Amino acid sequence: MARTIPHTDVLITLMGAPHDSDQVTTALRLTQSLLERGAAVQVWTCGYATLLTQRALGPEKPRNLADWNREYPSTAALAQELLAAFPDRLYWYGCRFCSDDRGVVDHLPEVVLRPPGGYAANVAAATKTLLMGVI
């Protein structure tokens with residue numbers, strides 16, 4: 001039986017290398033801002049962006065040698081915080097093909113892996129779609 005994709009106001013698609021630019025920070029801030037304003041949001045990760053929700057990332061990034069005493073949350077921790085704070089309005093999806101192809105198979109439990117052919121259903125379930133990254 002096919003999974004029903006809930007209707008959302010916005011679908012944010014992240015593609016490409018996650019730390020090549022500020023796109024991840026921008027996407028997470030945009031997602032949080034939309035959720036705080038009452039919107040329902042889907043996040044779809046594709047390509048190397050599927051690495052963002054790996055459980056192996058743990059709760060914090062490796063320490064910064066220039067600022068050793070400061071701790072920064074990992075992208076997985078940030079995603080999990082948002083998913084916990086907005087369980088009925090944030091849906092996080094990952095491309096199964098891209099995850100499998102990169103050996104990225106241990107996602108946060110809230111992340112739903114879908115085949116690339118399922119992306120069209122996610123687009124159809126969103127009022128607006130924003131694509132960030134390489135095409």
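Trainee: How far apart are the mean positions of the positive and negative charges of the chain?

Mentor: The mean positions of the 12 positive and 13 negative charges are 4 Å apart. Lys and Arg count as positive and Asp and Glu as negative, while His and the chain ends are not counted. The place of a charge is taken as NZ of Lys, CZ of Arg, CG of Asp or CD of Glu. Please note that this is a predicted model, in which local features need pLDDT of at least 70 and side-chain atom pairs count only at pLDDT 80 or more, whereas totals for chains, interfaces and linings use all residues. Residues are numbered from 1 along each chain as its sequence is written, and side-chain values use heavy atoms, with hydrogens and water left out.

Trainee: What pLDDT does the chain average?

Mentor: The average is 89, and 93% of the residues score at least 70. The term pLDDT stands for the predictor's confidence in each residue, from 0 to 100. Where pLDDT is low, the predicted coordinates should not be read in detail.

Trainee: What box do the C-alpha atoms fill?

Mentor: Taken along the principal axes, the box is roughly 50 × 35 × 25 Å.

Trainee: How much of the chain is buried?

Mentor: Buried residues make up 41% of the 135 residues. Buried means under 20% relative accessible area, exposed over 50%, and partly exposed in between (1.4 Å probe, protein chains only).

Trainee: Which residues of helix α2 are buried?

Mentor: In α2 (residues 75-85), they are Thr75, Ala76, Ala77, Ala79, Leu82 and Leu83. Their cover includes α1 (23-36) and β3 (90-95).

Trainee: Is Gln80, in that helix, buried or partly exposed?

Mentor: Gln80 has a place in helix α2, and its relative accessible area of 32% makes it partly exposed. Not counting residues up to four places away in sequence, Gln80 touches Leu108, Pro109 and Glu110. Contact means heavy atoms within 4.5 Å. Gln80 and Leu108 are 28 residues apart in sequence, and their C-alpha atoms are 7.4 Å apart in space.

Trainee: Let us change topic. Where is Ser99?

Mentor: Ser99 is found in helix α3 (residues 96-101). Its relative accessibility is 0%, so Ser99 counts as buried.

Trainee: What does Ser99 touch?

Mentor: Leaving out residues up to four places away in sequence, Ser99 touches Thr50, Val104, His107 and Leu113. Thr50 lies 49 residues from Ser99 along the chain, yet their C-alpha atoms are separated by 5.9 Å.

Trainee: What about Cys98, and what does that residue touch?

Mentor: Cys98 also lies in helix α3 and is buried, with a relative accessible area of 9%. Beyond residues up to four places away in sequence, Cys98 touches Cys46, Gly47 and Thr50.

Trainee: Where is Thr8, then?

Mentor: Thr8 is found in strand β1 (residues 8-15). With a relative accessible area of 0%, Thr8 is buried. Among the residues that Thr8 touches, not counting those up to four places away in sequence, are Ala40, Val41, Tyr91 and Thr127.

How values were computed: Helix = DSSP H or I, 4+ residues; strand = E, 2+ residues; numbered from the N terminus.
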